[in-house]
Amino acid sequence: MKQVTFTLSATDGMARRGRIDTPRGEINTPAFMPVGTAGTVKAMYPEQVRDTGADILLGNTYHLMLRPGAERVASLGGLHTFMNWERPILTDSGGFQVMSLAKLRKLTERGVTFKSHIDGSAYELTPERSIEIQTLLDSDIIMQLDECIALPAERKEMERAMELSIRWADRSKTAFNNQQNRMLFGIVQGGDDAELRSRSAAGLQSIGFDGYSIGGLAVGEPQEVMFRVLSDITPELPADKPRYLMGVGKPDDILGGIERGVDMFDCVHPTRAGRHGHAYTRFGVINLKNARHRDDHRPLDEASPNPNCRRWSRAYLHHLVKTEEILGAMVLSQINLAYYQELTARARAAIEAGRMTDFAAETRAAWAAGDL
Ligand SMILES: Nc1nc(=O)c2cc3nc(NCCN4CCCCC4)[nH]c3cc2[nH]1
């Protein structure tokens with residue numbers, strides 16, 4: 001009996017409100033998943049991540065297989081125990097990170113071989129090994145191994161990678177061996193070609209997965225291309241399974257994704273932008289490196305529910321960023337993650353109330369008005 005299940009509770013247009021129930025707790029959707037690449041959400045204590053409202057965080061097969069090693073994490077009790085985060089974890093399968101980080105990569109029908117970007121040691125990742133690693137990590141939602149190509153790309157190349165990913169999806173499903181205590185997601189590929197995307201979605205559904213990721217996006221294409229692909233493909237995915245848009249995104253990407261039927265998102269952006277002095281607020285993003293803040297005694301947002309947006313002046317936050325003080329990265333990471341969770345929490349409430357259109361309009365208006 002599957003111990004990880006998805007329940008859809010409300011829809012408003014294409015937008016959906018749902019919940020994934022897992023043995024480690026529930027995931028309210030639409031959900032934003034903070035990225036904890038190497039077993040930590042950078043500059044954040046795990047309980048702080050939870051306090052921002054996050055139900056689930058993301059880990060990466062690629063990083064953890066290199067350091068400290070999947071077998072070592074398993075011998076230490078699994079990733080939840082290792083990092084002291086007892087709620088759900090989703091792990092990516094490693095293919096994307098190999099192509100974007102590793103050296104001397106060689107991709108064949110069998111899988112991908114590569115040299116570590118850290119110390120040059122040699123590794124192989126196959127659909128079977130990726131499933132084994134994610135199971136050793138004891139991840140709650142795991143991904144098939146796939147091939148993601150950058151856009152723009154030739155159609156033949158998009159077709160080749162999409163067809164390989166379907167064959168790897170089948171091998172991943174076999175290796176998964178119908179485990180009942182975690183979900184396995186297939187990953188839709190096909191670049192920006194509607195016909196290839198349809199073939200990928202159909203191919204994955206004939207294999208059968210617990211959820212469907214939309215991969216191959218946020219790889220350099222314009223936002224309108226991403227949105228067109230989403231509008232075309234979400235209606236072709238099963239309504240009763242979660243849909244996860246990988247690597248997305250900025251707040252306006254997430255709002256547009258929710259409006260087009262996406263349930264789950266992940267992105268390094270809020271934490272990475274925080275470490276670079278950018279603060280996300282209801283009014284949009286504020287670059288606190290800018291000298292115009294150095295005498296500004298106003299708090300970031302005195303109406304924010306987040307105390308960290310009220311307790312310091314913009315001048316102080318500017319000072320922390322300019323001096324590259326560690327507290328700057330800590331505070332802005334927390335502020336940005338809390339904003340992303342506030343955005344998705346308000347989206348869930350709007351869908352439940354049937355006012356997603358108004359919510360989206362009000363949110364975009366506040367971003368445009370930008371009292372930065
Ligand atoms: N297994 C897998 N398959 C994908 O097609 C995929 C596609 C992805 N697209 C992104 N984009 C990340 C964009 N990110 C934005 C903020 C700065 C760093 C890069 N991450 C992805 C991860 C992915 N993982």
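I began with Ser-130 and found this residue in helix α6, residues 127-136 (helices are DSSP runs of H or I, at least four residues, numbered from the N terminus). I am reading a predicted model, where local features need pLDDT of at least 70, side-chain atom pairs count only at pLDDT 80 or more, and totals for chains, interfaces and linings use all residues. Residues are numbered from 1 along each chain as its sequence is written, and side-chain values use heavy atoms, with hydrogens and water left out.

Next I looked at how α6 packs on helix α7, residues 155-176: the angle is about 45° and the axes are 8 Å apart. Axes are lines fitted to C-alpha atoms, for helices over the stretch in contact, and angles run from 0 to 180 degrees between N-to-C directions. That makes α6 oblique to α7 (under 35 degrees is roughly parallel, over 145 roughly antiparallel, 65 to 115 roughly perpendicular, and the rest oblique). From α6, Pro-127, Glu-128 and Ile-131 make the contact, and from α7, Trp-168, Arg-171, Ser-172, Ala-175 and Phe-176.

Last, I checked helix α10 (residues 251-259) against helix α13 (residues 326-352): about 20°, axes 11 Å apart. That makes α10 roughly parallel to α13.

Technical notes: Helix = DSSP H or I, 4+ residues; strand = E, 2+ residues; numbered from the N terminus. Contact = heavy atoms within 4.5 Å.
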